Amino acid sequence: MNTFMIGQYGSFDFRKFHRDFRNNFYGIEACLFEQEQDTLNLIHESRRGGFQVGIHFPLRAGAYPLRDALFLSQDDATRQQAFASVEKELEYATAVHPDYILFHYPKPVILDDHVDWALWHFEDRREYVYESEFSNVEFQEKSQYLFEWLAAKGKAYAFIPVLEFDALNPYIYETDFLESLLQRYPNIRLCLDTSRLYLQECIDPNFNSRAIIRRYAPYAHLLHLSNIKVTDRIEQKKFPVLPDLSPDDGWAPIEDYLLIIKEKNPNIKIMFEHRSQLISDEQLEACYQWVAQILTTESSLKC
């Protein structure tokens, strides 16, 4: 379990910390802290307990007007504001000594015009643009600049830049452009989110979540692990992964995902991005033990 992490979003919640964290866990991912004291508590506990800290941008609530930095915005002023806000946050985050800082990518999300995205959650209209309005050439140019900038900042501020996949379009899953960037800038890593990947497979007929995990797991630093139930709607989201949640009932194929991860990148960090309050203490422990068993037990890959 020394690759496991929990999240602390909105505040450093001591009740969650004492219930969910284990002494042999790798660390905590922090995001959107409301008070300075939350950051101080995080620093104190991480140094006292000797665990790592990851930051899901932004660490401080209100540090940026939107939930995610719009690095690829077609509006120059918005792009400049994104880079400036992130730079300011990097300066603040040095006191935390983060292992990694995570940003959503691509952002704005580039949506395939032929897919019904009604089930995908966006907090603001500025968070997405349609593929017909955003060329592959423009995507590549702006991504190239972002990678160059993040790679330099990661070295300057001593953190691993991590890009978490948001919704993906053919510019990423039908070309090798992103892989070429990841090979050119090896200090930039990815985050794969099981719920996001499964939801996109449910709504996008051209998207294969297992294929994406298999392809990009070698470049990933982190797996955001939770389950989601999708039928004609989203019935549950950010639910803890449990062995009795069957894909036949609309749940994500978590075991298949983890078996691919074990084959392609056994050292990946597992961040339990779930609402642990939905289950009992016994179920939470069963969740941890089930994931650990899948990742450590010898078995033949079946997916």
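Biologist: How far is the sulfur of Cys 191 from the closest cysteine sulfur, and in which residue is that sulfur?
Modeller: Happy to start there, with a word on the source: this is a predicted model, where local features need pLDDT of at least 70, side-chain atom pairs count only at pLDDT 80 or more, and totals for chains, interfaces and linings use all residues. Residues are numbered from 1 along each chain as its sequence is written, and side-chain values use heavy atoms, with hydrogens and water left out. A disulfide is a pair of cysteine sulfur atoms within 2.5 Å. The sulfur of Cys 191 is too far from its closest counterpart for a bond, at 12 Å, and that counterpart is in Cys 31.

Biologist: How many disulfides does the rule give?
Modeller: The count by this rule comes to 0 disulfides. Cys 31 is in none, as the nearest cysteine sulfur, in Cys 191, is 12 Å away.

Biologist: Is Cys 191 buried or exposed?
Modeller: Buried means under 20% relative accessible area, exposed means over 50%, and partly exposed is in between (1.4 Å probe, protein chains only). Cys 31 has a value of 2%, so Cys 31 is buried. Cys 191 has 0% relative accessibility, so the answer for Cys 191 is buried.

Biologist: Which residue in β9 is the bridge partner of Cys 191?
Modeller: Strands (E, at least two residues) and helices (H or I, at least four) are DSSP runs, numbered from the N terminus. Two strands pair if DSSP finds at least two bridges between them. Strand β8 (residues 189-193) pairs with β9 in the parallel sense over 4 bridges. In β9, the partner of Cys 191 is Leu 222.

Biologist: Why is strand β9 described as largely enclosed by the rest of the structure?
Modeller: β9 also pairs with β12 in the parallel sense, over 4 bridges, and Leu 223 stands opposite Ile 270 in β12. Strand β9 covers residues 220-225, and it is largely enclosed because the number of its residues that are buried is 6 of the 6.

Biologist: Which residues lie nearest the centre of the largest pocket?
Modeller: A pocket is an open set of points on a 1 Å grid over the protein atoms alone, where a 1.4 Å probe fits, with protein on both sides within 12 Å along at least five of seven lines; lining residues have an atom within 4 Å of a point. The volume of the largest pocket is about 1,000 Å³, taken as the space filled by probe spheres set on the points, which are joined across faces, edges and corners. Its lining has 38 residues, and those nearest the centre are Tyr 9, Arg 196, Lys 237, Lys 238 and Glu 273.

Biologist: What is the phi of Lys 238?
Modeller: Most residues other than glycine have a negative phi. Lys 238 lies in strand β11 and is partly exposed, with a relative accessible area of 27%. Its phi is positive although Lys 238 is not a glycine, near 55 degrees.

Biologist: Which residue is joined to Tyr 105 by a cis peptide bond?
Modeller: Most peptide bonds are trans. The loop between β4 (100-105) and β5 (109-111) holds Pro 106 and also Pro 108. A cis bond joins Lys 107 and Pro 108, with omega about 0 degrees. For Tyr 105, the cis bond has an omega of about -10 degrees, and the residue joined is Pro 106.
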